[in-house]
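Good morning, everyone. Let me put the model on the screen, and then we will walk through it.

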Amino acid sequence: MSTLKVVSSKLAAEIDKELMGPQIGFTLQQLMELAGFSVAQAVCRQFPLKGKTEAERGKHVFVIVGPGNNGGDGLVCARHLKLFGYNPIVYYPKRSERTEFYKQLVHQLNFFKVPVLSQDEGNWLDYLKPEKTLCIVDAIFGFSYKPPMREPFKGIVEELCKLQDRIPIVSVDVPTGWDVDKGPISQPAINPAVLVSLTVPKPCSTYIREKHTAHYVGGRFIPRDFANKYGFEPFGYESTDQILKL
Ligand SMILES: NC(=O)C1=CN([C@@H]2O[C@H](COP(=O)(O)OP(=O)(O)OC[C@H]3O[C@@H](n4cnc5c(N)ncnc54)[C@H](O)[C@@H]3O)[C@@H](O)[C@H]2O)[C@@H](O)CC1
Ligand SMILES: [K+]
């Protein structure tokens with residue numbers, strides 16, 4: 001286990017609650033925008049387009065979006081990736097009716113001409129071919145996931161596990177299906193090529209294989225005293241970067 005400072009799923013939820021509580025007053029939309037923006041930046045850092053052939057540049061970034069806020073990060077990430085010159089496609093099998101906000105994020109993707117596939121789009125796996133796909137962004141579940149996984153996500157994750165040796169997976173905050181605190185306790189498990197921890201890494205991040213998984217932290221939105229209150233130091237982001245490679 002590494003010495004990386006981590007916070008439990010319970011504390012992560014408390015941090016979120018306080019940031020969006022009456023004293024501090026961030027809105028979910030604000031934090032999600034910064035979270036999704038940092039994931040897009042991590043994709044750019046890890047898979048730069050500069051110097052790549054036209055065929056490479058045209059590959060899809062396949063963003064799989066879950067029903068909660070982790071999925072919201074994925075919707076935002078896809079929009080920024082398009083602005084950064086990538087070719088994102090979103091797969092959104094179970095759309096959240098919880099807030100109007102998620103619908104607005106989908107409208108924004110339509111505005112940017114980013115395709116958004118639904119569950120009845122039986123051909124989602126057709127987009128996942130090493131020759132056509134740069135990477136997969138796993139924005140299915142984050143720190144509120146409680147096993148066992150229900151359909152349709154169980155089947156989706158099983159397919160991702162079969163593909164992950166050929167197409168790199170970028171997991172947002174928590175590799176989907178991992179226990180937030182105990183790591184990959186059920187099989188098959190996603191083994192991400194990139195993990196982007198948001199605000200502060202969760203305990204499961206200590207179970208990544210360091211040689212295999214590039215680990216970034218993103219979600220640069222808290223001051224030092226707030227971080228210290230929750231027992232960690234702020235991360236040493238450089239300049240205007242929204243991510244830091246750990
Ligand atoms: N402060 C932060 O770090 C921020 C975190 N955000 C993101 O928010 C995430 C947490 O969001 P949420 O609390 O909405 O939770 P998640 O997005 O982790 O998951 C909740 C959703 O998953 C479903 N679900 C849970 N267990 C399931 C199972 N076994 N099978 C099927 N469905 C299941 C729930 O019904 C719910 O719809 C973080 O991981 C992060 O990605 C950002 O959006 C905002 C800022
Ligand atoms: K995830």
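Which side chain has an N or O atom 2.5 Å from an oxygen atom of ligand 1? That is the side chain of Asp-73. A polar contact here is a pair of N or O atoms within 3.5 Å; within protein, one must be able to donate a hydrogen and the other to accept it, and residues adjacent in sequence count only if both atoms are side-chain atoms.

Some ground rules. This is a predicted model: local features need pLDDT of at least 70 and side-chain atom pairs pLDDT 80 or more, while totals for chains, interfaces and linings use all residues. Residues are numbered from 1 along each chain as its sequence is written, chains are lettered from A and ligands numbered from 1 in written order, and side-chain values use heavy atoms, with hydrogens and water left out.

Back to ligand 1. Asn-69 places a backbone N or O atom 2.9 Å from a ligand oxygen. Lys-146 has a polar backbone atom 2.6 Å from a ligand nitrogen. The protein covers 88% of the 890 Å² of accessible area that ligand 1 has on its own (Shrake-Rupley method, 1.4 Å probe).

Now the shell. It holds 22 residues, each with a heavy atom within 4 Å of the ligand. Among the closest are Asp-16, Ser-144 and Asp-173. Ten are nonpolar, six polar and six charged. Helix α4 gives the largest share, three residues. Helices are DSSP runs of H or I, at least four residues; strands are runs of E, at least two; both are numbered from the N terminus.

Next, the potassium ion, ligand 2. What coordinates it? Asn-70 (OD1), Asp-138 (O), Asp-138 (OD), Phe-141 (O), Val-172 (O), Val-174 (O) and Thr-176 (OG1), at 2.6 to 3.2 Å. Donors are N, O and S atoms within 2.8 Å of a metal, or 3.2 Å for Na, K and Ca; water is not among the atoms, so sites may look incomplete. Asn-70 lies in helix α4 and Val-172 in strand β5 (residues 169-172), so this pair ties together parts 102 residues apart in sequence.

Last, the backbone. The bond from Pro-147 to Pro-148 is cis, with omega near 0 degrees. Pro-148 is in the loop between β4 (133-139) and α6 (153-163). Gln-187 and Pro-188 are also joined by a cis peptide bond, omega about -5 degrees. Pro-188 lies in the loop between β5 and β6 (194-198). Finally, Lys-113, a residue other than glycine, has a positive phi, near 60 degrees.

Technical notes
Nonpolar A, V, L, I, M, F, W, Y, C, P; charged D, E, K, R; others polar.
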